[in-house]
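Please keep the structure open while reading, and look up each residue as it is named.

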Amino acid sequence: MVYVSNAASAEISVLRLDSDGGLAHIQTIATGGTVMPLALSPDRRRLHAALRSRPYSVSSFGIDSETGRLRHRSTVLLPDNMAYMTTDRSGRYLLSASYTGNVVSVNAIWLNGVVEERPVAVYSTPPHAHSVVADPSNRYLFVAALGGDAILQYLFDPDTGRAVPNTPPVVSVKSGAGPRHLIFHPGGCFVYVSNELDGTVGAYEFDSYSGTLALIDQYPALPPGVTRAWTAELRLTPDGRHLYVSERNSSTLAGFRVDPASGALEPIGHTPTETCPRGFAIDPGGRFAVVAGQRSDSVTVHVIDPTTGALTTHTRLPVGRDPNWVEIVDLPAVPC
């Protein structure tokens, strides 16, 4: 099942992704506000959606284990206008980052999947916090602050949901790079960061003992001839062999081969995709990349070659207006 948030039409499109790469509409569910970031619970039974129109809030939905359809559970206020949401590795806490408010927040999630409105903590950041992610051990948090050219490093207590700055508390990024989103390699040893403003991807080695990052290198994600960057999402295949990053000005996906020993990236080319591809996701089997075009109001399925990482355009389907975020659930993995 594919879930696409459509900001301008205030709805989530629920789509079925078939084994051959075909797409079909299953459900359209109204959100009552400008819906953007989506966050899946670790058990894939719940979906949280941030509403970026006032009052800033999060709507939580149950995922039907047989049909994949969504059922609204609750809507509660958030501390600010959140550009990014995820859960910690246990699913007990909702982690949110506010680009306009320069904060990250931690909210408890009840056993029934409802988010507690009163936050556990709210932390100030350098300008334009754009993502917050827990490491695989759930002992550390990392925040990409785009306007501060910084990655913040925290010690995280999964029992209380509170965080304190690590030592050192900040990893500086090249001036003007604009770190946006960060993801962990499935092996846990590397972290990759999309830099929105200079069109690069940063590769970092992760020290799981100290919870700190060290730069390996930065790699260009812009196609030849494109000089103005507007880099957005990045995703890894589940096997960790290939990484892709979306570039909105050129409407392309840049592909990279990942060296499993060093974490270094090797470019494998650029693939045209939907216009202004702000968000995309890769299915749990690593066979398809589903890309949403903010300015085309459609999604496209690209088939991933497991050996070369090359992308082949397969299926296109209209969705709502201003689609911007994509999450994918493998229904057989959802407990009944």
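Predicted model: local features only at pLDDT ≥ 70, side-chain atom pairs only at ≥ 80, totals over all residues.

By class, the residues that line the largest cavity are eight nonpolar, one polar and no charged.

**The cavity**

- A search of the whole structure finds one cavity of 30 Å³ or more, and the space in the largest cavity amounts to about 40 Å³.
- The lining of this largest cavity is made up of V104, S105, V106, Y123, V132, L141, V143, Y154 and A163, and the elements that give two or more residues to it are strand 10 (103-108) and strand 13 (140-145).
- Strand 10 provides the largest share of that lining, with three residues.
- As a general point, empty space that is left among atoms can be shown by rolling a probe the size of a water molecule over them.

- Several strands each supply at least two residues to the lining of the largest pocket, among them strand 4 (35-40), strand 16 (179-184), strand 20 (231-236) and strand 28 (323-328).
- When the lining residues of the largest pocket are sorted by class, 23 are nonpolar, five are polar and eight are charged.
- The second largest pocket has a volume of about 240 Å³, and of its 15 lining residues the closest to the centre are M1, L17, D283, V329 and D330.
- The lining of the second largest pocket consists of eight nonpolar, two polar and five charged residues.

- Strand 20 and strand 21 run antiparallel and are joined by four bridges, with R235 standing opposite Y244 in strand 21.
- The hairpin of strand 20 and strand 21 has five residues between the strands, and G240 in this hairpin takes a positive phi near 75°.
- On the other pairing, strand 21 and strand 22 are also antiparallel, over six bridges, and here V245 stands opposite A254 in strand 22.

**S251 in the turn**

- S251 lies in the loop between strand 21 (242-247) and strand 22 (252-258), and these two strands form a hairpin with four residues between them, in whose turn S251 has a positive phi of about 55°.
- Is S251 buried or exposed? With a relative accessible area of 14%, S251 is buried, because residues under 20% are counted in that way.
- The side chain of S251 reaches the backbone nitrogen of C276 at 3.0 Å.
- Leaving aside neighbours within four places in sequence, S251 is in contact with T271, P272, T273, E274, T275, C276 and P277.

**F256 in strand 22**

- F256 is found in strand 22 and is buried, with a relative accessible area of 1%.
- F256 and G68 are 188 residues apart in sequence, and their C-alpha atoms are 32 Å apart in space.

**The hairpin of strand 2 and strand 3**

- Strand 2 (residues 11-17) and strand 3 (residues 23-30) pair in the antiparallel sense over seven bridges, and the bridge partner of L15 in strand 3 is H25.
- This hairpin has five residues between the strands, and G21 takes a positive phi near 95°.

Definitions and conventions
Residues numbered from 1 in each chain as written. Heavy atoms only, no water. Buried < 20%, exposed > 50% of the residue type's maximum accessible area, 1.4 Å probe, protein only. Polar contact = N/O pair within 3.5 Å; in protein donor to acceptor, adjacent residues only side chain to side chain. Contact = heavy atoms within 4.5 Å. Pairing = 2+ DSSP bridges. 1 Å grid on protein atoms, 1.4 Å probe; cavity = no way out; pocket = protein on both sides within 12 Å on 5 of 7 lines; lining within 4 Å. Points joined across faces, edges and corners; volume = space filled by probe spheres on them. Nonpolar A, V, L, I, M, F, W, Y, C, P; charged D, E, K, R; others polar.
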